[in-house]
Amino acid sequence: MTTAAQQRSAADLRRLAEDAGRELEDAPALEILRWAAGTFGDRFCVTSSMEDAVVAHLASRVAPGVQVVFLDTGYHFPETIGTRDAVDAVMDVQVVTLTPRQTVAEQDAEYGPRLHDRDPDLCCALRKVAPLEEGLRHYDAWATGLRRDESPTRAGTPVVGWDERRQKVKISPIARWNQADVDAYVAEHGVLTNPLLSDGYASVGCAPCTRRVLEGEDARAGRWSGTGKSECGIHL
């Protein structure tokens, strides 16, 4: 990747996000990512849960060697870790793995076992939100795989927006895609996907908080099922 030529203030970044959000709303995903890579250089990264590698693959086409940030919460399915390792091995990206401050055992010792059952918001805050915020310190912009069709909470996702909490530009290049678009891209380009997607899981998170979905449920119904929780806190 090229190196960004300048350091920008939060006010400048916000203006960039607002302008690009309007100008790129109808742009193809590759064009959105080409703008991001060209604008932010090595201060741009892709984040991935390793549910699939679609956004990482798209970004690698316009920014070979782009950094792909993955959160290893300590609770992932083995299939998810395997997908991460495969992405790192075969794609033209640099996978950066972030970990929480505490191991699962250390967290259990301080908060008691199975915190994810008793207080899933706190567990996500400790194992996802906090390490991501630390890991994003060196970037001005980050890309996600959020799509508007995934759930009501994501219906208003902009293709480029302002992440107020982190004071960064947040890019969702496939926000306007639907599942058929994702499936077509995966098939056309042979993109790596998590094997669990072929085993009844429509959305893949931490193993204790993820189940297979039932017919007619939305893609995220299998996450924190029965708790009323629908987001980990990263995208709130």
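How do the residues of the lining of the largest pocket divide into nonpolar, polar and charged? In this predicted model, the lining of the largest pocket consists of 23 nonpolar, 12 polar and 9 charged residues. The volume of the largest pocket is about 850 Å³. Its lining is made up of 44 residues, and those that lie nearest the centre of the pocket are Ser48, Ser49, Met50, Glu51 and Gly145. Several elements of secondary structure contribute to this lining: strand E1 (44–47), helix H3 (54–62), E2, H7 and H8 each supply at least two residues. The largest share comes from H8, with 4 residues.

Across the whole structure, the search finds 1 cavity of 30 Å³ or more. The largest cavity holds about 100 Å³ of space. Its lining is formed by Thr73, Tyr75, His116, Pro120, Cys123, Cys124, Arg127, Lys128, Cys206, Cys209, Arg223 and Trp224. Helix H7 (residues 120–135) gives the most to this lining, with 5 residues. Sorted by class, the lining of the largest cavity has 7 nonpolar, 2 polar and 3 charged residues.

In an unreviewed UniProt entry, the annotation "binding site" covers Cys123, Cys124, Cys206 and Cys209. These four positions are spread over 87 residues of sequence, yet they cluster in space, with a largest C-alpha distance of 10.8 Å. Cys123, Cys124, Cys206 and Cys209 are included in the lining of the largest cavity.

Cys206 is located in the segment after H8. Its relative accessible area is 11%, so Cys206 is buried, the cut-off being under 20%. When residues up to four places away in sequence are not counted, Cys206 touches Thr73, Tyr75, Phe77 and Lys128. Cys209 likewise lies in the segment after H8. Cys209 counts as buried because its relative accessibility is 15%. Apart from neighbours within four places in sequence, Cys209 is in contact with His116, Gly222, Arg223 and Trp224.

Phe77, one of the residues touched by Cys206, also takes part in an aromatic pair with Tyr201. The count of aromatic pairs in the model comes to 3. One of them joins Trp35 and Phe40, which are edge-to-face, with 5.5 Å from centre to centre and 90° between the planes. Phe40 counts as buried because its relative accessibility is 0%. In the pair of Phe77 and Tyr201, the ring centres are 5.5 Å apart and the planes stand at 65°, so this arrangement is edge-to-face, for which the angle must be over 60 degrees. The pair of Phe77 and Tyr201 links distant parts of the chain, the two residues being 124 residues apart. Phe77 is in the loop between strand E2 (66–71) and helix H4 (78–90), whereas Tyr201 is in the segment after helix H8 (179–189). Phe77 is counted as buried because its relative accessibility is 11%. Tyr201 has a relative accessible area of 9% and is therefore buried.

Conventions:
Residues numbered from 1 in each chain as written. Predicted model: local features only at pLDDT ≥ 70, side-chain atom pairs only at ≥ 80, totals over all residues. Heavy atoms only, no water. Phe/Tyr/Trp six-rings, centres within 6.5 Å; stacked < 30°, edge-to-face > 60°. Buried < 20%, exposed > 50% of the residue type's maximum accessible area, 1.4 Å probe, protein only. UniProt positions renumbered as here; feature names shortened; annotations may be inferred. 1 Å grid on protein atoms, 1.4 Å probe; cavity = no way out; pocket = protein on both sides within 12 Å on 5 of 7 lines; lining within 4 Å. Contact = heavy atoms within 4.5 Å. Points joined across faces, edges and corners; volume = space filled by probe spheres on them. Nonpolar A, V, L, I, M, F, W, Y, C, P; charged D, E, K, R; others polar.
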